[in-house]
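Here are some notes for a colleague who is opening this structure for the first time. Please keep the model in view while reading the points below.

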Amino acid sequence: MLMIFSNEKAEASMTTGDSAARHAAYGAYTQALIQAGAMAGGERLRPTTTATTVRVSGGRTEVLDGPYADTKEQLGGYYLIEAPDLDQAIAWAARCPAASHGTVELRPVWPMEG
């Protein structure tokens, strides 16, 4: 899974032209994944201001509006890809537009048993 982290405040202040260019870059990247047969899924996430955080402590459910932590970069989306090995997965992560303006965290999926 390629998890895309970027600065929501910086993205919100982008010009219309810059936003359109970034959107086009993600569209091209997505098409490249699909054409290579590497795309297994992916979605963009709503801003952290729409998040609801749920925690259970002492048997009580706590529900908080907003993100769990105040961080410089926020999880904004993900791609679930198929790659034959770590080197190929790293190559796809490096091609992701977020790699040049944020961070792409690459993690193997741990399949659930049974």
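Is Tyr79 buried or exposed?

1. The model is a predicted one, and in it Tyr79 has a relative accessible area of 6%, so this residue is buried. Tyr29 is likewise buried, with a relative accessible area of 4%, and Trp92 counts as buried at 5% relative accessibility.

2. A search of the whole structure gives 2 aromatic pairs. In one of them the ring centres of Tyr29 and Tyr79 are 5.1 Å apart and the planes stand at 85 degrees, which makes the pair edge-to-face; Tyr29 belongs to helix 2 and Tyr79 to strand 5, 50 residues apart.

3. The rings of Tyr29 and Trp92 are also edge-to-face, because their planes meet at 70 degrees, with the centres 6.1 Å apart. Since Tyr29 is in helix 2 and Trp92 in helix 3, this pair ties together parts 63 residues apart in sequence, and Tyr29, Tyr79 and Trp92 form one aromatic cluster.

4. The largest nonpolar core has 15 residues, and those touching the most other members include Tyr29, Tyr79 and Trp92, along with Leu2 and Cys96. Strand 1, helix 2, strand 5 and helix 3 each supply at least two residues of this core, with the largest share, 4 residues, coming from helix 2.

5. The largest pocket, with a volume of about 710 Å³, is lined by 25 residues, and among those nearest its centre are Glu11, His23 and Arg44. Helix 2 gives the most to this lining, with 6 residues, and the lining as a whole divides into 10 nonpolar, 9 polar and 6 charged residues.

Technical notes: Residues numbered from 1 in each chain as written. Predicted model: local features only at pLDDT ≥ 70, side-chain atom pairs only at ≥ 80, totals over all residues. Heavy atoms only, no water. 1 Å grid on protein atoms, 1.4 Å probe; cavity = no way out; pocket = protein on both sides within 12 Å on 5 of 7 lines; lining within 4 Å. Points joined across faces, edges and corners; volume = space filled by probe spheres on them. Nonpolar A, V, L, I, M, F, W, Y, C, P; charged D, E, K, R; others polar. Core = buried A, V, L, I, M, F, W, Y, C linked by side-chain atoms within 4.5 Å. Buried < 20%, exposed > 50% of the residue type's maximum accessible area, 1.4 Å probe, protein only. Phe/Tyr/Trp six-rings, centres within 6.5 Å; stacked < 30°, edge-to-face > 60°.
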